[in-house]
Amino acid sequence: MACDITNLGSCIADALFGFILNILNSASKPFSDIIHKLMTEPVNISAFSSIWAIIVYILSMFYGLLIVWIGLKFIVSGESPEQREKAKADLKNTIIMMILVQGSYYLYDLILAVSSALTKVIFDMINSSFFQITFESSSNFGLDLLFGVIFILHLIVVMIILLLRYIFVSAGVILFAIGIFFYFIPFLHHYGKLILNSLGTLIFLPFFFSIIFLVGSKLTGLNGFNNAKMLIMIGTLDLVIISTFLLLLFVVVKAVTKLKPVISVAKALV
């Protein structure tokens, strides 16, 4: 609509309306771009390669002890077929463990590449305008402005979560080797499983986030929901934040549960 003396007031209001909208979108774009990058690009683990090599070297010192222990079990098993089969199974598991530990760096890197590829496939299905702030009308300017600020704050929180996840996953290549080693040791099996499950959750976290964003994006395109885009955008970010803290709480509770036997033994020794 052309501006003239008859509608000068509404033209000024619309211009101010659009100006503030552009400012909010300019402020939110860097955060959404960082979120996109952290979710879709593979985590770089090269910074921890030297530490990983040291950890694997330390773990390899136990290989000989494990093989000797299995050999002794095989010798003392005597004529018991059950014990001899158990010793053979232990030897097979030890060999598998050695191979996995030695190749854990490359296996971990492959898992990260698969996770980022899956996430990128889902993320590319999201409407490119989903993370853009939109105002419905100048009559609800105050409310729309509030939603825009809340949305940017949510973006910052999600970006921080993904940054912390990136750091932990990058360092996780060290724990991955330890987790594999523990997994194949009977009395450390639960701890190894806990480490591997925790790392798996962190690695595939962006994939689950992308599904949440995709559902929110599809909802904004449906009749009856397109006028509530800002609420849906904020709601999807809330789901991401809440689900992250619930997963962290679950991991902490599992860790405490698994550590109870160790704590009990330590108290008994004291």
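These legends walk through several close-up views of a predicted model.

Local features are taken where pLDDT is at least 70, side-chain atom pairs count only at pLDDT 80 or more, and totals for chains, interfaces and linings use all residues. Residues are numbered from 1 along each chain as its sequence is written, and side-chain values use heavy atoms, with hydrogens and water left out.

**View 1. The whole protein, to get your bearings.** The protein has nine helices and zero strands, and from the N terminus on its elements run α-α-α-α-α-α-α-α-α. Helices (H or I, at least four residues) and strands (E, at least two) are DSSP runs, numbered from the N terminus. Of the 270 residues in the protein, 35% are buried. Here buried means under 20% relative accessible area, exposed means over 50%, and partly exposed is in between (1.4 Å probe, protein chains only). Among contacts with a separation of 6 or more, 81% come from residues 24 or more positions apart; a contact means heavy atoms within 4.5 Å. The protein exposes about 15700 Å², and carbon and sulfur atoms supply 74% of that area. Accessible areas come from the Shrake-Rupley method with a 1.4 Å probe, and for residues only the protein chains shown count as cover.

View 2. The structure holds three salt bridges, each defined as a side-chain nitrogen of Lys or Arg within 4 Å of a carboxyl oxygen of Asp or Glu. In this view, Lys 29 is bridged to Asp 33, with the closest N and O atoms 2.9 Å apart. Both residues sit in helix α1 (residues 8-40), and because they are four residues apart, about one helical turn separates them. Asp 33 has 38% relative accessibility, so Asp 33 counts as partly exposed.

**View 3. Asp 90 and its partners.** Look for Asp 90 in helix α4 (residues 81-102). A salt bridge joins the side chains of Asp 90 and Lys 86, at 3.6 Å from N to O. Lys 86 and Asp 90 are four residues apart in helix α4, so about one helical turn lies between them. Leaving aside neighbours within four places in sequence, Asp 90 is in contact with Ile 70 and Lys 73.

**View 4. The salt bridge of Lys 120 and Asp 124.** Here the closest N and O atoms of Asp 124 and Lys 120 are 3.2 Å apart. Lys 120 is partly exposed, with a relative accessible area of 40%.

View 5. A pair of aromatic rings is described by the distance of the centres and the angle of the planes. Rings of Phe, Tyr and Trp (its six-membered ring) pair if their centres lie within 6.5 Å; planes under 30 degrees apart are stacked, over 60 edge-to-face, and the rest tilted. By this rule there are eleven aromatic pairs. One of them is Phe 123 with Phe 213, an edge-to-face pair at 6.5 Å centre to centre and 80 degrees between the planes. Phe 123 lies in helix α5 (residues 104-123) and Phe 213 in helix α8 (residues 205-220), so this pair ties together parts that are 90 residues apart in sequence. Phe 123 is buried at 8% relative accessibility, and Phe 213 is buried at 0%. Phe 131 also pairs with Phe 213: the ring centres are 5.2 Å apart and the planes are at 80 degrees, so this pair is edge-to-face. That pair links distant parts of the chain, 82 residues apart, with Phe 131 in the loop between α5 and α6 (141-183) and Phe 213 in helix α8. Phe 131 is buried too, with a relative accessible area of 14%. Phe 123, Phe 130, Phe 131 and Phe 213 form one aromatic cluster.

View 6. Ile 54, Tyr 57, Ile 58, Met 61, Phe 62 and Leu 65 make a nonpolar surface patch of about 660 Å². Patches are made of residues with over 30% relative accessible area and no salt bridge: like charges are joined within 9 Å, nonpolar side chains (Val, Leu, Ile, Met, Phe, Trp, Tyr) within 5 Å. Helix α2 (residues 49-60) gives the most to this patch, with three residues. Leu 65 belongs to helix α3 (residues 63-76), and at 58% relative accessibility Leu 65 counts as exposed.
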